[in-house]
Amino acid sequence: MKRKILTIKTIYSEEELIVLLKERNESGFHYLYDHYSGALYGIILRIVQSKEYTEEIIQDVFVKIWNSIQQYDSSKGRFYTWMINIARNTAIDYLKSKGFQNELKNQSLPDFVYNSAELSTTNNSSDFIGFNKVIEGLEVDKQELIDLAYYQGYTQNEISEKLKIPLGTVKTKMRNALMKLKDLLKDYQ
């Protein structure tokens, strides 16, 4: 006689999930992964432009979330935003790592050309959460700033040098871009 195991689908609020994670509850971690991995994967893929590297980085991101959940402070922002920042910073750190830089130097030219064409940022299949559509609501110069800072990992000093505009102007335009983006994102909550 076979026993049938009933599974009950549980839905946690953001607050309940945070409590479970802080209690080191494994089902909370599984829920976190099941519900947020697709969105974080898309963000990382957009930055590193490689499915292979993205799969490696996504694991690191979830380990960092699990290990640093005690540092999350809801008064400073939403949990999802906190996770996006971890994913973004981990992806940028990976791109800047010596191991990755050496791997790029050792990659043969044909492989590099084929990979970059296949995984170009114009490939919209990496946009799992529809963020490209939100970004399109910004003026072109604001889109460029967001792209340089958040997807290519440029600092504000580097953006200033690249665009040949004063650092103060970059800071002001970046602040305006982020405020406009915040307004646009209100429609998606």
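Visitor: Where is Ala39 found?

Guide: Ala39 sits in helix H2, residues 26-48; helices here are DSSP runs of H or I with at least four residues, numbered from the N terminus. Before we go on: this is a predicted model, where local features need pLDDT of at least 70, side-chain atom pairs count only at pLDDT 80 or more, and totals for chains, interfaces and linings use all residues. Residues are numbered from 1 along each chain as its sequence is written, and side-chain values use heavy atoms, with hydrogens and water left out.

Visitor: What makes Ala39 count as buried?

Guide: Buried means under 20% relative accessible area, with exposed over 50% and partly exposed in between (1.4 Å probe, protein chains only). Ala39 comes in at 13%, so it counts as buried. Its C-alpha atom is 8.8 Å from that of Ile84, 45 residues apart along the chain.

Visitor: And Ser37, why is that one called buried?

Guide: Ser37 has 15% relative accessibility, so it gets the label buried. Ser37 is in helix H2 too.

Visitor: Which backbone oxygen lies 2.7 Å from a polar atom of the Ser37 side chain?

Guide: That of Tyr33. Leaving aside neighbours within four places in sequence, Ser37 is in contact with Leu32, Ile58 and Phe62, contact meaning heavy atoms within 4.5 Å.

Visitor: Moving on to H3 and H4, at what angle do they pack?

Guide: Helix H3 (residues 51-68) and helix H4 (residues 79-96) pack at about 130°, with their axes 9 Å apart. That makes H3 oblique to H4. The cut-offs: under 35 degrees is roughly parallel, over 145 roughly antiparallel, 65 to 115 roughly perpendicular, and the rest oblique.

Visitor: What is the handedness of the crossing of H3 and H4?

Guide: The H3 and H4 crossing is right-handed.

Visitor: Which residues meet there?

Guide: From H3, they include Tyr53, Ile57, Asp60, Val61 and Lys64, and from H4, Trp82, Met83, Ile86 and Thr90 are among them. By class, the contact has ten nonpolar, two polar and three charged residues.

Visitor: How do you know that Thr90 is buried?

Guide: Thr90 has a relative accessible area of 7%, so it is buried by that same cut-off of under 20%. Thr90 belongs to helix H4.

Visitor: What does Thr90 touch, neighbours within four places in sequence aside?

Guide: Thr90 is in contact with Ile57, Asp60, Val61 and Lys64.

Conventions
Axes are lines fitted to C-alpha atoms, for helices over the stretch in contact, and angles run from 0 to 180 degrees between N-to-C directions. Helices (H or I, at least four residues) and strands (E, at least two) are DSSP runs, numbered from the N terminus. A crossing is left-handed if the near helix is turned anticlockwise from the far one by less than a right angle, and right-handed if clockwise. Ala, Val, Leu, Ile, Met, Phe, Trp, Tyr, Cys and Pro count as nonpolar, Asp, Glu, Lys and Arg as charged, and the others, Gly among them, as polar. A polar contact is a pair of N or O atoms within 3.5 Å; within protein, one must be able to donate a hydrogen and the other to accept it, and residues adjacent in sequence count only if both atoms are side-chain atoms.
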